Amino acid sequence: MPTGGHAHSGGVEAAIVDGSLADLADLAQFLLGRLHTAGVVAAAFAAATCHALTAGGPDPAGALAGLDAELDARTPSPAARAASRAQGRTLLRAGRAAWPVTPGPRAPHHPIALGMVAAGARLSPADAALAAAHATVTGPATAATRLIGLDPIAVTAVLAQLAGDVAATARTGRAAAALPARDLPARTGIRLDLLAERHRLADVRMFTS
């Protein structure tokens, strides 16, 4: 879908600039760390959003606002918050062109928007969680391919090797879908927050985030 994800590196560009991501092995470790921190949170909130809209609760708008606020609290970096909301807004535009997506926040965090679009497309919370986990690694992997000229086939192999971790992350997210918003996972990727802020202050950037 045309959601603007190609403009976001998920911390990869900043990691390349500081020298901590230089080759395929570095990328694999970066993606694994991202998956088990930000990925778990994204999968849980996407699944919870989809569940809130498909379970027939009395106040779906209130549920969406609560989920968005809780995810905001789990995103300490202002740069990361801005990137997430920018991608969420664009995803909603594309989703609403294709499916009847429930009204909600104008520019929600990306996992919230993903859950809203999944519900509009009649997908399940498990589907939303899997899509969120998948997007956690595929976007940054594509960015690394473009930034340091990695072999796309080799990068695809790295993603294939992470398939089990992606599926496990999605299951963790789905298992949390019915929890109160305040009890959803709050795993922290401190390095991702630092990279987001460094990238925001960089004089030269190829990616928005």
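How far apart are the end C-alpha atoms of α4, and what span should its 21 residues have at 1.5 Å a residue? The end C-alpha atoms of α4 are 31 Å apart, which agrees with the 30 Å that its 21 residues should span. The model discussed here is predicted.

**Helix α4 and residue S84**

- The buried residues of helix α4 are A79, A83, S84, Q87, G88, L91, L92, A94 and G95.
- These buried residues pack against two other helices, α5 and α9, the latter covering residues 190-201.
- An α-helix has 3.6 residues a turn, so residues three or four places apart point the same way.
- S84 belongs to α4, which runs over residues 78-98.
- The relative accessibility of S84 is 13%, and S84 therefore counts as buried, the cut-off being under 20%.
- A polar atom of the S84 side chain lies 3.0 Å from the backbone nitrogen of H110.
- When neighbours within four places in sequence are left aside, S84 is in contact with P108, H109, H110 and P111.

**Packing of α3 with α5**

- Two packed helices are described by the angle between their axes and the distance between the axes.
- Helix α3 (residues 60-73) packs with helix α5 (residues 110-120) at an angle of about 150°, and their axes are 9 Å apart.
- Because angles over 145 degrees count as roughly antiparallel, α3 is roughly antiparallel to α5.
- On the α3 side, the residues that meet α5 are L64, L67, D68 and L71, while α5 contributes P111, I112 and M116.
- The residues of this contact between α3 and α5 divide into 6 nonpolar, no polar and 1 charged.

- T37 is placed in helix α2, which comprises residues 24-54.
- With a relative accessibility of 17%, T37 counts as buried.
- Not counting residues up to four places away in sequence, T37 touches R187, T188, G189 and L192.
- C50 is also found in helix α2, and its relative accessibility of 0% makes C50 count as buried.
- Residues up to four places away in sequence again being excluded, C50 touches G115, A118, A119, L123, S124, P125 and A128.
- From C-alpha to C-alpha, C50 and R171 are 14 Å apart in space, and the two residues are 121 residues apart in sequence.

**The loop between α5 and α6**

- A121 is found in the loop between α5 and α6.
- A relative accessible area of 21% makes A121 partly exposed.
- Although A121 and W99 are 22 residues apart along the chain, their C-alpha atoms are separated by 5.7 Å.
- R122 lies in the loop between α5 and α6, and at 80% relative accessibility R122 counts as exposed.
- Most residues other than glycine have a negative phi, and most peptide bonds are trans.
- The phi of R122, a residue other than glycine, has a positive value near 65°.

**Helix α6: A131**

- A131 lies in helix α6, which spans residues 125-148.
- The relative accessible area of A131 is 34%, which means that A131 is partly exposed.
- A131 and R85 are 46 residues apart along the chain, and their C-alpha atoms are separated by 17 Å.

Notes:
Residues numbered from 1 in each chain as written. Predicted model: local features only at pLDDT ≥ 70, side-chain atom pairs only at ≥ 80, totals over all residues. Heavy atoms only, no water. Helix = DSSP H or I, 4+ residues; strand = E, 2+ residues; numbered from the N terminus. Buried < 20%, exposed > 50% of the residue type's maximum accessible area, 1.4 Å probe, protein only. Polar contact = N/O pair within 3.5 Å; in protein donor to acceptor, adjacent residues only side chain to side chain. Contact = heavy atoms within 4.5 Å. Axes fitted to C-alpha atoms, helices over the stretch in contact; angles between N-to-C directions. Parallel < 35°, antiparallel > 145°, perpendicular 65-115°, else oblique. Nonpolar A, V, L, I, M, F, W, Y, C, P; charged D, E, K, R; others polar. Expected span 1.5 Å × (residues − 1).
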